[in-house]
Amino acid sequence: MYTVRMRFGTLAGRRLLFVSLSGVRIVDDELRAIGLSLPGFIERGKTIAALPSLGLLTLAAHTPEHWQIGYREFDALCPGDAEQLADEGWTLIAISALSARILEAYRFADELRALGMSVVLGGLHVSALPDEAEPHADAVVVGQGEPAWPDLLRDFEAGAPRRRYEVPRSARVLKRKQRPVPRYDLLQPERYNRIPLMTMRGCPLDCSFCAASRTISDYQIADLDDVARDLTTIGELWHKPFLELADDNTFASRRRGRELARLLGQSGARWFTETDISVADDLELLDTLASSGCAQLLIGLESARRSSLMGVDSRGFKWARADRYAESIGRIQSRGISVNGCFVLGFDDDDESVFVDTFELVQRLQLAEVQITLLTPFPGTRLYAELKHQNRLLPSADWSQCTLFDVTFEPARMSVDTLKTGFRNLMRALYAEDEVARRKRVYRQCQKQKRTHQPV
Ligand code: SF4
């Protein structure tokens with residue numbers, strides 16, 4: 001305790017480094033080998049890996065000025081760089097990692113602490129399993145970090161950090177007007193070609209497999225004046241930025257979605273986000289999106305098999321809309337907004353025929369892009385609790401396999417091997433040259449329609 005107080009009680013001791021572990025490495029060797037030959041698959045993986053952590057940049061903005069701060073990507077560090085960080089004089093390291101990289105984060109944290117630095121861990125995984133994380137950190141943050149951050153730093157300065165800082169999911173962090181702009185200025189602009197921007201947090205739906213929707217926060221939307229300030233800052237740092245909205249379901253509120261789309265359109269930036277299929281119901285929103293710089297919408301269609309959607313979300317929202325997928329996607333893409341449709345394989349109602357069904361539906365829907373992943377029980381989700389209770393989590397699978405591309409549980413209607421093989425074959429089929437070329441044609445057609453579309 002005395003050492004901690006001495007260290008943080010001096011100005012030299014108040015040096016805080018944020019370290020982000022993003023991106024994942026597929027564990028399944030064969031799938032990884034396939035992935036290396038699939039351009040679209042690799043591109044999306046690289047894009048995600050190359051995004052900076054908006055969560056950490058946000059905490060940086062909540063850090064008092066008397067702290068010296070820095071930001072690094074873990075993947076840009078070399079083995080042995082823990083010593084280097086100690087030599088540079090960092091005293092406190094804040095680390096955020098998703099489940100697939102949490103074991104690396106723990107090892108790194110142990111190394112840093114052995115060298116005398118203090119470590120704070122947070123993020124979705126740590127919030128779901130704080131007991132697991134605690135032995136690797138001086139403090140863990142459970143839930144949204146912003147409200148706890150000033151107290152946590154004050155406690156470190158006083159030499160008496162608590163083991164755990166908990167923020168309830170209901171804390172309305174984004175609603176506060178004039179919340180600080182994330183510290184985008186900590187980034188080297190030339191290193192990033194996609195910039196994250198948060199306009200909401202959580203999701204009103206509660207899909208059983210979704211870790212993002214409510215592990216740390218209930219559904220809340222950001223004040224548009226604050227989003228406008230973030231956009232101004234990004235525009236000052238990047239010429240013609242491409243924004244990746246760090247939202248779970250951007251247009252869950254459509255009235256507000258129209259205002260947001262107008263704001264994004266005024267910024268002149270191109271952007272990409274995730275939302276649900278109900279965006280197709282609002283023609284005014286679609287027309288606004290068409291002229292707003294929206295490059296693509298990623299939409300969770302989840303399954304080619306309607307029965308697999310039963311119970312995915314508690315309101316039956318996805319199940320009820322599945323028989324209108326073609327109509328909805330046609331309406332969105334007819335405005336020139338291309339759709340990246342996402343499918344999840346491995347639901348309890350999926351048997352071997354789901355792979356062919358998925359391939360055929362992707363073709364029928366005329367999607368401009370497609371993403372397939374395996375159902376993955378992330379800690380904190382309803383799915384995880386159910387599979388654990390049913391004793392179906394594979395004992396051989398550790399957190400590093402929560403990549404969305406590795407099988408981590410016993411499927412209900414096929415074997416683990418059948419799910420693995422069927423997934424690989426579907427991947428090969430969907431990313432075959434002619435299929436990629438076909439989707440590219442749809443994408444180009446969307447671009448053409450965007451130029452000629454007249455709002456209704
Ligand atoms: S709609 Fe998307 S963000 Fe919302 S709960 Fe479902 S998977 Fe999560």
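**Conventions.** I number residues from 1 along each chain as its sequence is written. Because the model is predicted, I take local features only at pLDDT of at least 70 and side-chain atom pairs only at pLDDT 80 or more, while totals for chains, interfaces and linings use all residues.

**Domains.** I looked up the division of the chain and found domain 1 (2–33 + 52–166) and domain 2 (184–452); the bounds come from an automatic or database domain assignment. The C-alpha centres of domain 1 and domain 2 are 29 Å apart. I then listed the contact, which takes 24 residues from domain 1 and 24 residues from domain 2; two residues are in contact if their C-beta atoms, placed from the backbone, lie within 7 Å.

On the side of domain 1 that touches domain 2, the elements giving two or more residues are helix H2 (29–35), helix H4 (54–61), strand S2 (68–73), helix H6 (102–114) and helix H7 (124–128). Helices (H or I, at least four residues) and strands (E, at least two) are DSSP runs, numbered from the N terminus. H7 gives the largest share of this side, 4 residues. By class I noted 16 nonpolar, 6 polar and 2 charged residues on this side of domain 1. Here Ala, Val, Leu, Ile, Met, Phe, Trp, Tyr, Cys and Pro count as nonpolar, Asp, Glu, Lys and Arg as charged, and the others, Gly among them, as polar.

**Sheet with S1 to S6.** I traced an open sheet of 6 strands in the order S2-S1-S3-S4-S5-S6, with parallel pairing; two strands pair if DSSP finds at least two bridges between them. S2 and strand S6 (164–166) are at the edges with a single partner strand each, so one side of each has no neighbour in the sheet. From one strand to the next the twist averages 20°; axes are lines fitted to C-alpha atoms, for helices over the stretch in contact, and angles run from 0 to 180 degrees between N-to-C directions.

Strand S3 (residues 92–97) and strand S4 (residues 118–122) run parallel, joined by 5 bridges. Leu-92 is opposite Ser-118 in S4. H6 packs on the sheet and touches strand S1 (15–21), S3 and S4, its direction making about 170° with that of S3.

**Sheet with S7 and S10 to S14.** I found another open sheet of 6 strands, in the order S7-S10-S11-S12-S13-S14 with parallel pairing. Strand S7 (195–197) and strand S14 (369–374) are its edge strands, each pairing on one side only. Neighbouring strands of this sheet are turned by 25° against each other on average, direction ignored.

- Strand S10 (residues 242–245) runs parallel to S11 with 3 bridges, and Glu-244 has Phe-272 in S11 as its bridge partner.
- Strand S11 (residues 270–275) pairs with strand S12 (residues 294–302) in the parallel sense over 5 bridges, and Trp-271 has Cys-294 in S12 as its bridge partner.
- S12 pairs with strand S13 (residues 338–345) in the parallel sense over 6 bridges, with Ile-299 opposite Gly-341 in S13.

**Ligand.** I looked up the residues around the ligand, among them Cys-203, Cys-207, Cys-210, Asp-248, Asp-276, Gly-300 and Asp-313; a residue is near a molecule or strand if its C-beta atom, placed from the backbone, lies within 6 Å of it. By class the shell has 5 nonpolar, 3 polar and 4 charged residues.
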